[in-house]
Amino acid sequence: MRPNMFNNNIQRPPSTTKDKMPSQGLSNYPLLLNKAQSTPSQDIKSNYIYSSNTTFAPNTQSQQSRFIEQNTQKQNPSQFNQQLSQQSLAISQQNTQKTVTTNYSMSQSQPEQYQYKSMQNVSKGICGLRNIGNTCFMNSVLQCLLNIPAFNEHFLNGDYLKDLNSKNSSVPNEYSKLVATIRNTPNFQSIAPYGIKSAVENVMPCFRGYAQQDAQEFLVALLDGLSLGLNRVKNKSSYKEMNDNLNGRTLQDLSKEWWDYSKSRENSLVLDYFQGQLLHTIKCSICGSSSYAFDTFQDTSLAIARAFKILEDMNLERLLDKYVIEEAIDDYYCSKCKKHQKVKRKFTIWRLPHILMFHIKRFEFRRFSSDKLNHRVIFPLELDMREFVKDSLDQSVKNCQYFLCGIVNHSGTLYGGHYTADSKNPFNQKWYRYNDSDVREIDIKQQRYDTDGSSSPYILFYARKSLY
Ligand SMILES: [Zn+2]
């Protein structure tokens, strides 16, 4: 058997798993010493769905618990989160014995203004999520989102409320509560994410119940739910056919026209971070005319089957090469020739989002045999996208530099398996493996992303360097 991360002899912090955590053995955590005061009351538990029922409130947080108790019902989430955020920051500062300079102003539209670099001594937000019935698919996706730099601050400081639609508010509000709870739970504890599960289920009933689900489908549903609830467009423009030829204009002009139209129908905080634009070019091999479509995208699905032979190692850059390569199609309707012709089709990544998500299509569904494609994965910790956005809008060096910030792993087979997440904490820049309620620090450079072990990358998250 090939080594997996559990065989690595690296120093790990104590696990969060309840059965592995001796009930009295919390002396490593000075924050948790005052147990008599720290037990959360039943009121908090019932009012606050995410409250950890292990050891939520240590010394400094006992005040906070009382605060939560007294205020959850009176306050709107904004006030609630602001208070939590300030207290959380205060606690972190006490922990590290350092004064941390942060700028949590209230009107963040530019993610770049977060200064995570100045917070490298701050350790917070390292919290497990309990498995509440085959929910590892959800937990692993949430752990990657919760560690995305800058994005979560909008939920913590109440900034998201200015766009909140009262009709579809439950997913954003529950996500906001989750962010606040995670940030205020002592590191290496765990909480039960019931609230966000039921909010997503209400929008997407296919996630009801306790069956194992696909993590990528959950990711899409969650982001859709957030975006719907935070859509700034109150009166959608009506559907219109977009121009697919230049008519003397530049590609830049055309891309803007498509982008503006898309934004006139849906425009949200989620799309600010996750939406990019893809150029789809079709060139007729007979008359030479080209047509252009600029579609928006959030996650990019990269097919292994098309790109690699069985047993060949997989490399992210090669998958991207294949994604943007020109391909011939035999039978495509050319509007100029007015008949089906041979054409060449090409995808170009035109506008890069702050967060790039790559979905490695490991599950192949065929008529007679469906299977999981087991390929070893090679992917960079730092990704330079310049090579893949040639001819497009976003060619500045700054805009093309990304850090890997999260990995959803799938282990097992198509018919049964388990999801975990590896995620980089935006504050201390350390990597952790989240296996439901269990959290361990890992050395990302020493991980082997095999497919027969515990870690088989399924979704990769890259964050623009300027977000840190
Ligand atoms: Zn033609």
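**Ground rules.** I am working with a predicted model, in which local features need pLDDT of at least 70 and side-chain atom pairs count only at pLDDT 80 or more, while totals for chains, interfaces and linings use all residues. Residues are numbered from 1 along each chain as its sequence is written, and side-chain values use heavy atoms, with hydrogens and water left out.

**The zinc ion.** I looked up the protein donors (N, O and S atoms within 2.8 Å of the metal, or 3.2 Å for Na, K and Ca) and found the SG atoms of Cys 284, Cys 287, Cys 334 and Cys 337, lying 2.2 to 2.4 Å from the zinc ion. Along the chain these donors follow the spacing C-x2-C-x46-C-x2-C. I noted that Cys 287 sits in the loop between strand E3 (276–284) and strand E4 (290–297), whereas Cys 337, 50 residues apart from it, sits in the loop between strand E7 (327–334) and strand E8 (339–351). Strands here are DSSP runs of E with at least two residues, and helices are runs of H or I with at least four, numbered from the N terminus.

**Exposure.** I checked the relative accessibility, where buried means under 20%, exposed over 50% and partly exposed in between (1.4 Å probe, protein chains only). Cys 287 counts as partly exposed because its value is 32%, and Cys 337 also counts as partly exposed, at 22%.

**The whole chain.** I recorded 13 helices and 18 strands, and I noted that 54% of the 468 residues count as buried.
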